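Biologist: Let's go through this one together. I'll ask, you answer, and please spell out your cut-offs as we go.

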Amino acid sequence: MGVTLSLLLLALMVVYLSSCYSAPIDTFVYGGCTQQRYNPSTPYESNLNSLLGSLVNSATFSAYNNLTVLSSTQSGVAYGLYQCRGDLAMPDCASCVARAVSRAGELCPATCGGAVQLDGCFVKYDNVAFVGVEDKSVVLRKCGSHSGVYDSEAVLVGLASSGGNFRVGGSGQVKGLAQCTGDLSAAECQDCVGEAVRRLRSDCAASDYGDVFLGKCYARFSTGGAHGRYYNSKAHAGRSDNEGEKTFAIIIGLLAGVALLIIFLAFLRRICEGQEHKQEFDAYKIKDDNN
Ligand SMILES: *[C@@H]1O[C@H](CO)[C@@H](O)[C@H](O)[C@H]1NC(C)=O
């Protein structure tokens, strides 16, 4: 019976590890607030609240949207948009936007504008119009340690030259990712990603990872290095560009299968013996503790 428990623990561990293995969606990347604040109980406050609620709602069926909540006075008008990473499924997009909105509320209480970028989505709102305006100002620039082990050049050039609002690329252990907000035209997105990639290439070329976030787009790359970070492995599942991930998935499958088989056999034996309830409760307890 001790063996069964160990295998159950192992199975739980494997499930836990495999869920960790895909990049987190809700990880905080950056946030910012405007200096200008609004007074409580003004039309802007209620319009902003309804704007934020509508953004979260919209994220249940669309990866991008912009909204304007009109008001009888110009000072009451609220503008906002969100953009989910192009590879997120809809439920993940909505929960990410909800998380970003609540994060913005904590970070920017009573400021007129705010922006929050999580790994999986971006949310921005303000009392001045900004939707449809390209913004290449640098918001965040971060490079990993300069180990010089990985050559990200090819992946970065690929990101800059492939078209589209959401771009992924990979070569060996280097993975790249670029995303524009949906309000940019194709040409503006190209220009914005080009600028982000140019900065990555000049500043983070020999690093284990690099992040450049501009106002309306970003480009990032990551590697298998010590401080490298892999991005959403699920996003690459259909591209089979990483043998390691496939092997890992197969091993998980095999381990889980063996564990299930042994648990099932032990269960059969327990039925035959018709006792040992305590063991069963112990197993449930462990499951609860681990959830
Ligand atoms: C903003 O949203 C409206 C309505 O959904 C859409 O028609 C328009 O193209 C969007 N504008 C931009 C710049 O994305």
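Biologist: Is Thr111 buried or exposed?

Modeller: The cut-offs are relative accessible area under 20% for buried, over 50% for exposed and partly exposed in between (1.4 Å probe, protein chains only). Thr111 has a relative accessible area of 4%, so the residue is buried.

Biologist: Which backbone oxygen does the side chain of Thr111 reach?

Modeller: Take contact as heavy atoms within 4.5 Å. Beyond four places in sequence, Thr111 is in contact with residues including Cys33, Arg37 and Tyr125. The backbone oxygen at 2.8 Å from its side chain, though, belongs to Gly113.

Biologist: What is the phi of Ala110?

Modeller: Ala110 is in the loop between H3 and S4 as well, and at 26% relative accessibility this residue counts as partly exposed. Most residues other than glycine have a negative phi. For Ala110 the value is positive, near 60°.

Biologist: And what is the phi of Ser41?

Modeller: Ser41 sits in the loop between strand S1 (28–33) and helix H2 (43–58). With a relative accessible area of 70%, Ser41 is exposed. Its phi is also positive in a residue other than glycine, near 65°.

Biologist: On to the ligand. Which residues surround it?

Modeller: A residue counts as near a molecule if one of its heavy atoms lies within 4 Å of it. By that test, the ligand is surrounded by Tyr64, Asn65, Asn66, Val131, Gly132 and Asp183.

Biologist: Which side chain makes a polar contact with the side chain of Asp183?

Modeller: A polar contact is a pair of N or O atoms within 3.5 Å; within protein, one must be able to donate a hydrogen and the other to accept it, and residues adjacent in sequence count only if both atoms are side-chain atoms. Asp183 is in the loop between S8 and H5 and counts as buried, at 12% relative accessibility. A polar atom of its side chain lies 2.7 Å from the backbone nitrogen of Gly132. The side-chain partner of Asp183, also given at 2.7 Å, is Lys216.

Biologist: How far apart in space are Asp183 and Val131?

Modeller: In sequence they are separated by 52 residues. From C-alpha to C-alpha, the distance is 6.3 Å.

Biologist: Within what arc do the buried residues of H4 fall?

Modeller: Helix H4 (residues 153–161) has Val155, Leu156, Leu159 and Ala160 buried. The arc is taken over the directions from the helix axis to the C-beta atoms. These buried residues line one face of the helix, because seen down the axis they fall within 135°.

Biologist: Which residues are exposed on the other side of H4?

Modeller: The buried ones pack against strand S7 (166–171), strand S8 (174–180), helix H5 (186–203) and strand S10 (217–222). Exposed on the other side are Ala154 and Ser161.

Biologist: Last one: what pLDDT does the chain average?

Modeller: pLDDT is the predictor's confidence in each residue, from 0 to 100. It stays under 50 over residues 271–291. Where pLDDT is low, the predicted coordinates should not be read in detail. At least 70 is reached by 69% of the residues, and the chain average is 80.

Methods. Residues numbered from 1 in each chain as written. Heavy atoms only, no water. Helix = DSSP H or I, 4+ residues; strand = E, 2+ residues; numbered from the N terminus.
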